[in-house]
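Thanks for coming. I will walk through one model this morning, starting with the rings and then turning to the helices. Please have a look at it first.

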Amino acid sequence: MADKYYAVRNGRHPGVYTSWDACSAEVKGFSGAEYKSFRTRAEAQAFVRGEDGLPALSEDDLLAEAWVDGSFNAATAVFGWGAYISCGGETFELSGTGWEPEMASMRNVAGEITASEETIRWAAERGIGTLVIYHDYEGIAKWCTGEWKANKEGTIAYRAFYENMKDRLNIQFVKVKGHSGNAGNERADKLARIAAGVEEIPAPKADQEETAPAEVPDGDREEN
């Protein structure tokens, strides 16, 4: 059973889809597209038939896609976060640092969590209807969905934040492979590394060698 069902009322091929990627292919760039996500297939099918009475997302609604990543500077115990956002034909870049000991103990994951939170906050403040978050660390989605149990202070706060925000906008998570040439993911990674101080801000027209961020060992992940 799918976690969510994506109903396309008006798109290239109206119907019910079980992944955001499949839904996006039917509505992105389609004039007058109408779509919405549901918890059950029956609700999604009713929406497609126009029997639900719920408003659809349309081309007039704002859709934002965001790539998030984190980094950690072992020398300073500072974590950095970065987000690369595409919305309404424009791109936006967010980044920052943190050094709270409890969060910093999670190393680069602290940055990924913060990037996700800041992106959700950014979208909510701008009235974004749907936010798609692309991430390379699976806990970014699984702590929110409850697939991973949140045990640490940082992950408990992250899940609580998501629960508080999820009714304000439609938040979708998409797992991508890190360091695989995905332009959005690579840019978010670079922003996080610069913020953490593990990579210098590049000088104009100067080529610089990139340094991969520290990774969290599998044993540090929190799962059920």
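Y6, W20 and Y35 form one aromatic cluster in this predicted model. Rings here are those of Phe, Tyr and Trp, with the six-membered ring taken for Trp, and two of them pair if their centres lie within 6.5 Å; planes under 30 degrees apart count as stacked, over 60 as edge-to-face and the rest as tilted.

Before I go on, the ground rules. Residues are numbered from 1 along each chain as its sequence is written, and side-chain values use heavy atoms, with hydrogens and water left out. Since this is a prediction, local features need pLDDT of at least 70 and side-chain atom pairs count only at pLDDT 80 or more, while totals for chains, interfaces and linings use all residues.

Back to the rings. How many aromatic pairs does the structure hold? There are nine. Take Y137 and W143: the ring centres are 5.9 Å apart and the planes stand at 45 degrees, so this pair is tilted. Both Y137 and W143 are buried. By buried I mean under 20% relative accessible area, by exposed over 50%, and by partly exposed anything in between, with a 1.4 Å probe and protein chains only.

Y137 also pairs with W148. Their ring centres are 5.9 Å apart and the planes are at 80 degrees, so that pair is edge-to-face. Y137 sits in the loop between strand 7 (130-135) and helix 5, and W148 in the loop between helix 5 and helix 6, so the pair ties together parts that are 11 residues apart in sequence. The relative accessible area is 7% for Y137 and 4% for W148.

R9 lies over the face of F47, at 3.9 Å from the ring centre. The test is that NZ of Lys or CZ of Arg is within 6 Å of the ring centre and within 35 degrees of the ring normal.

Now the helices. The protein has seven helices and eight strands; these are DSSP runs numbered from the N terminus, with helices being H or I of at least four residues and strands being E of at least two.

Helix 6 covers residues 153-165, which is 13 residues, and it reaches 18 Å from its first C-alpha to its last, close to the 18 Å expected at 1.5 Å a residue. The expected span is 1.5 Å times one less than the number of residues. Which residues of helix 6 are buried? They are G154, T155, Y158, F161, Y162 and M165. Viewed down the axis of helix 6, these buried residues fall within an arc of 120 degrees, so they line one face of the helix. The arc is taken from the directions from the helix axis to the C-beta atoms. On the other side of helix 6, E153 and N164 are exposed. The cover over the buried residues of helix 6 includes helix 3 (101-104), helix 4 (108-125), helix 5 (139-145) and strand 8 (170-175).

Helix 4 is mostly covered, with 15 of its 18 residues buried. After helix 4 comes G127, with a positive phi near 70 degrees.

R107 is in the loop between helix 3 and helix 4, and its phi is near 55 degrees, a positive value in a residue other than glycine. R107 is partly exposed, at 28% relative accessible area. A77 has a positive phi too, about 60 degrees, and is not a glycine. A77 lies in the loop between strand 4 (63-73) and strand 5 (78-87) and is partly exposed, with a relative accessible area of 35%.

Last, the totals. Buried residues make up 46% of the 224 residues in the protein. Of the contacts with a separation of 6 or more, 60% are between residues 24 or more positions apart. The accessible surface comes to about 11,200 Å², and 47% of that belongs to carbon and sulfur atoms. Those areas come from the Shrake-Rupley method with a 1.4 Å probe, and for residues only the protein chains shown count as cover.

How values were computed. Contact means heavy atoms within 4.5 Å.
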